[in-house]
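User: Could you walk me through this structure and tell me what stands behind each label you use?

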Amino acid sequence: MAETLVASEYEAERLDATAAWVARHRPPGSGALAELGAGEGALTGRLLRAGYTVHAAEPDPALRARLWDRLRGRTRLRLSGADLAAPPPVRRRFGAVLLIDTLHAGQDLELLHALPTDLLFVALAPSALDGRLRPWLSAQQGWLLVEEIDLAAPHPAQQTLAPGSRGVLLRRAGLP
């Protein structure tokens with residue numbers, strides 16, 4: 001029971017901090033957001049309540065069904081089964097793309113270059129950021145690091161359930 005309470009408090013803190021971080025850089029009305037790997041829609045719901053238009057992409061059919069059941073009827077919600085390898089089919093660019101705890105081992109990070117946006121919010125556990133994303137960032141020239149922020153501190157007694165979350169904001173190179 002205590003583990004569940006720690007995990008749910010950690011999740012709420014992490015998601016609230018993530019939504020506030022997005023709002024500081026892309027206020028509602030500044031372009032639609034694409035959330036790749038939206039899961040059951042916990043962050044999606046927060047973004048919709050804040051006034052964003054969100055394209056929530058979730059490749060797992062069971063998670064996508066739970067997201068739809070939870071957020072059905074929201075006028076500013078678009079839903080698809082897209083993932084990083086096949087981003088949402090759109091004719092225009094998104095104001096930002098969110099990859100919140102969705103980059104996993106084995107994914108080709110070069111796919112980030114094809115995302116239809118100039119602003120990319122990425123949140124990962126600090127160990128994944130340091131071991132995976134940071135080396136890739138230093139070896140490529142398409143994205144620039146704009147900001148790095150701690151979104152949630154790790155919970156010392158529950159490292160598996162609450163490893164901490166660090167966000168990095170990336171802007172496509174060559175833009176002001």
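User: Where is the place of Asp101?

Analyst: Asp101 sits in the loop between β4 (96-100) and β5 (119-124); helices (H or I, at least four residues) and strands (E, at least two) are DSSP runs, numbered from the N terminus. Before we go on, please note that this is a predicted model, where local features need pLDDT of at least 70, side-chain atom pairs count only at pLDDT 80 or more, and totals for chains, interfaces and linings use all residues. Residues are numbered from 1 along each chain as its sequence is written, and side-chain values use heavy atoms, with hydrogens and water left out.

User: What makes Asp101 count as buried, exposed or partly exposed?

Analyst: Buried means under 20% relative accessible area, exposed means over 50%, and partly exposed is in between (1.4 Å probe, protein chains only). Asp101 has 29% relative accessibility, so it counts as partly exposed. Its backbone is worth a look too: phi of Asp101 is near 55 degrees, a positive value in a residue other than glycine.

User: Which elements does the chain have, and in what order do they run?

Analyst: The chain has four helices and seven strands. Starting at the N terminus, they follow the order α-β-α-β-α-β-β-β-α-β-β.

User: Why is helix α2 called largely enclosed?

Analyst: Helix α2 covers residues 42-49, and six of its eight residues are buried, so the rest of the structure largely encloses it. Those buried residues are Leu43, Thr44, Gly45, Arg46, Leu47 and Leu48. After α2 comes Gly51, with a positive phi near 105 degrees.

User: How do you know that Thr18 is buried, and what does Thr18 touch?

Analyst: The relative accessible area of Thr18 is 0%, so Thr18 is buried. This residue lies in helix α1 (residues 2-25). Contact means heavy atoms within 4.5 Å; not counting residues up to four places away in sequence, Thr18 touches Leu43, Ile100 and Leu151. Leu43 is also one of the buried residues of α2.

User: What makes Leu67 buried, and which residues does Leu67 touch?

Analyst: Leu67, in helix α3, is buried because its relative accessible area is 0%. Beyond residues up to four places away in sequence, Leu67 touches Ala38, Gly39, Glu40, Gly41, Thr44, Ala56, Leu77 and Leu79. Take Gly39: it is 28 residues from Leu67 along the chain, yet their C-alpha atoms are separated by 6.9 Å.

User: And why is Leu133 called buried?

Analyst: With a relative accessible area of 0%, Leu133 is buried. It belongs to helix α4 (residues 126-139). Apart from neighbours within four places in sequence, Leu133 is in contact with Leu103, Leu109, Val122, Leu124, Ala128 and Val168. Val122 is eleven residues from Leu133 in sequence and 9.3 Å away in space, C-alpha to C-alpha.

User: How much of the whole chain counts as buried, and what share of contacts joins residues 24 or more positions apart?

Analyst: Of the 176 residues, 44% count as buried. Among contacts in the chain with a separation of 6 or more, 64% are between residues 24 or more positions apart.

User: Where is Arg76, and what makes it partly exposed?

Analyst: Arg76 lies in the loop between α3 (61-71) and β3 (77-80). Its relative accessibility is 30%, so Arg76 counts as partly exposed.
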